Amino acid sequence: MSDDNPRKDVEDWVTGDEPATGPQLSYLHTLAREAGEEVPHGLTKAEASRMIDRLQQASPRTGRPADPQDGPADGGGA
């Protein structure tokens, strides 16, 4: 966590291995439906958060405009 970004990395969450919350799953199902993806069963809070971040970036409604210099928008490697 840095001063510029107060958001804590999901790897550092104390409760990250607990089951995903109802609000997480509800939002995740909305994003996944828009992306034509399925939400796996049994996600943890951390896994749900990562999937939400990935789907938000890919969504034309919530993501940022694609920049060809960014490369593939698969969320991998970061």
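The buried residues of helix α2 pack against α1, where contact denotes heavy atoms within 4.5 Å. The structure is a predicted model, in which local features need pLDDT of at least 70 and side-chain atom pairs count only at pLDDT 80 or more, while totals for chains, interfaces and linings use all residues. Residues are numbered from 1 along each chain as its sequence is written, and side-chain values use heavy atoms, with hydrogens and water left out.

The protein contains 2 helices and 0 strands; helices (H or I, at least four residues) and strands (E, at least two) are DSSP runs, numbered from the N terminus. Of its 78 residues, 23% are buried, a class defined by a relative accessible area under 20% (1.4 Å probe, protein chains only). Among contacts with a separation of 6 or more, 59% involve residues 24 or more positions apart.

The axes of α1 and α2 come within 10 Å and cross at roughly 35°. These axes are lines fitted to C-alpha atoms over the stretch in contact, with angles running from 0 to 180 degrees between N-to-C directions. The contact is formed by Q24, Y27, L28, L31, A32 and A35 of α1 together with K45, A48, S49, M51, I52, L55 and Q56 of α2. By class, the contact residues comprise 9 nonpolar, 3 polar and 1 charged; Ala, Val, Leu, Ile, Met, Phe, Trp, Tyr, Cys and Pro count as nonpolar, Asp, Glu, Lys and Arg as charged, and the others, Gly among them, as polar.

Helix α2 has 14 residues and spans 20 Å from its first C-alpha to its last, close to the 20 Å expected at 1.5 Å a residue, the expected span being 1.5 Å times one less than the number of residues. Its buried residues are K45, A46, A48, S49, M51, I52 and L55. S49, located in α2, counts as buried because its relative accessibility is 7%. Beyond residues up to four places away in sequence, S49 touches R7, V10, W13 and Q24.

V39 occupies the loop between α1 (22-35) and α2 (45-58). With a relative accessible area of 11%, V39 is likewise buried. Residues up to four places away in sequence being excluded, V39 touches L28, H29, A32 and M51. The C-alpha atoms of V39 and M51 are 8.8 Å apart, the two residues being separated by 12 residues along the chain.

How values were computed
Buried means under 20% relative accessible area, exposed over 50%, partly exposed in between (1.4 Å probe, protein chains only).
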